[in-house]
Amino acid sequence: MHATVLFAHGSRDPSWSAPMQRIAQRMREFNPATCVRCAYLELSEPDLPSTVSELVAQGVTQIQILPMFLGLGKHAREDLPQLVSQLRQQHPTVQLELRPSLGEDARMIDALEQRFRAQALRGQSLPLTRHPRGKQRGAQGSGMAREQRSGDLGAVDQRAAQAVT
């Protein structure tokens with residue numbers, strides 16, 4: 001049995017993991033037989049060791065770990081490979097595959113570029129984000145803000161989901 005773990009940093013803010021959960025859900029919807037879990041380095045639960053142990057207890061023998069990092073900071077370069085090495089020692093019969101970080105996948109970069117170009121063609125500021133307290137930053141009333149509020153990221157979401165599979 002095979003599983004994919006979407007791995008991210010973590011945060012004290014419980015709503016921070018919502019995008020990760022949406023990606024995992026979309027992966028399950030795309031392929032209902034897919035076993036997808038989210039795990040975090042720190043500040044959020046579950047952590048990677050707990051997630052791997054749970055999957056192994058369920059009979060999973062192959063686990064793909066996908067770092068959901070856009071940049072290659074210390075966590076992606078050093079901490080995560082060290083953690084995966086420890087997990088390989090703890091679970092020698094399980095194949096643990098550490099995939100490249102999401103930001104290293106050309107499809108993700110292409111999807112972001114497509115998003116920014118579409119906004120530029122509509123004359124909107126780049127990029128548009130939402131303030132943690134719900135206040136909008138960037139171009140007022142933009143389509144991106146509406147998409148963020150609705151959780152529908154359209155074609156970009158589809159390309160991002162392809163990048164993680």
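**Group meeting: aromatic pairs, a kinked helix and one leucine**

Okay, let's start with contacts: of those in the protein with a separation of 6 or more, 63% are between residues 24 or more positions apart. Keep in mind that what you see above is a predicted model.

Quick overview, then. We have 165 residues, and 38% of them are buried. The protein has 6 helices and 6 strands, and going along the sequence they come in the order β-α-β-α-β-α-β-α-β-β-α-α. For the surface, the accessible area is about 9,500 Å², with 52% of that on carbon and sulfur atoms.

On to the rings. How many aromatic pairs does the structure hold? There are 2. Take phenylalanine 7 and phenylalanine 69: the ring centres sit 6.1 Å apart and the planes make 85 degrees, so we call this pair edge-to-face. The pair ties together distant parts of the chain, since phenylalanine 7 is in strand β1, residues 2–8, while phenylalanine 69 is in the loop between β3 (62–67) and α3 (74–90), 62 residues apart. Both of these phenylalanines are buried.

Then there's tryptophan 16 with tyrosine 40. Here the centres are 5.9 Å apart and the planes are at 65 degrees; the angle has to be over 60 to count, so this pair is edge-to-face too. Again it links distant parts of the chain: tryptophan 16 is in the loop between β1 and α1 (18–30), tyrosine 40 is in strand β2, residues 35–40, and they are 24 residues apart. Buried or exposed? Tyrosine 40 is buried, with a relative accessible area of 2%, whereas tryptophan 16 is partly exposed at 32%.

Now helix α3, and let's check the geometry. With 17 residues at 1.5 Å a residue, α3 should span 24 Å, and its end C-alpha atoms are 23 Å apart, which agrees. But where is the kink in α3? There's one of about 30 degrees at leucine 80, shortly before proline 81.

Which residues of α3 are buried? Those are Ala76, Asp79, Leu80, Leu83, Val84 and Leu87. Look at the spacing with this in mind: an α-helix has 3.6 residues a turn, so residues three or four places apart point the same way. As for what covers the buried residues of α3, the list includes β1, α2 (48–57), β3 and β4 (95–98).

You'll find leucine 41 in the loop between β2 and α2. Its relative accessibility is 24%; buried would need under 20%, so leucine 41 counts as partly exposed. Leucine 41 and leucine 83 are 42 residues apart along the chain, and their C-alpha atoms are separated by 9.4 Å. Leaving out residues up to four places away in sequence, leucine 41 touches Phe7, Ala8, His9, His75 and Leu83. So Phe7 turns up again here, as a contact of leucine 41 and as one ring of an edge-to-face pair.

Last item, the cysteines. A disulfide is a covalent bond between the sulfur atoms of two cysteines.

Technical notes. Residues are numbered from 1 along each chain as its sequence is written. This is a predicted model: local features need pLDDT of at least 70, side-chain atom pairs count only at pLDDT 80 or more; totals for chains, interfaces and linings use all residues. Side-chain values use heavy atoms; hydrogens and water are left out. Rings of Phe, Tyr and Trp (its six-membered ring) pair if their centres lie within 6.5 Å; planes under 30 degrees apart count as stacked, over 60 as edge-to-face and the rest as tilted. Helices (H or I, at least four residues) and strands (E, at least two) are DSSP runs, numbered from the N terminus. Buried means under 20% relative accessible area, exposed over 50%, partly exposed in between (1.4 Å probe, protein chains only). Contact means heavy atoms within 4.5 Å. Accessible areas come from the Shrake-Rupley method with a 1.4 Å probe; for residues, only the protein chains shown count as cover. The expected span of a helix is 1.5 Å times one less than its number of residues. The bend at a residue is the angle between axes fitted to the seven residues ending there and the seven starting there.
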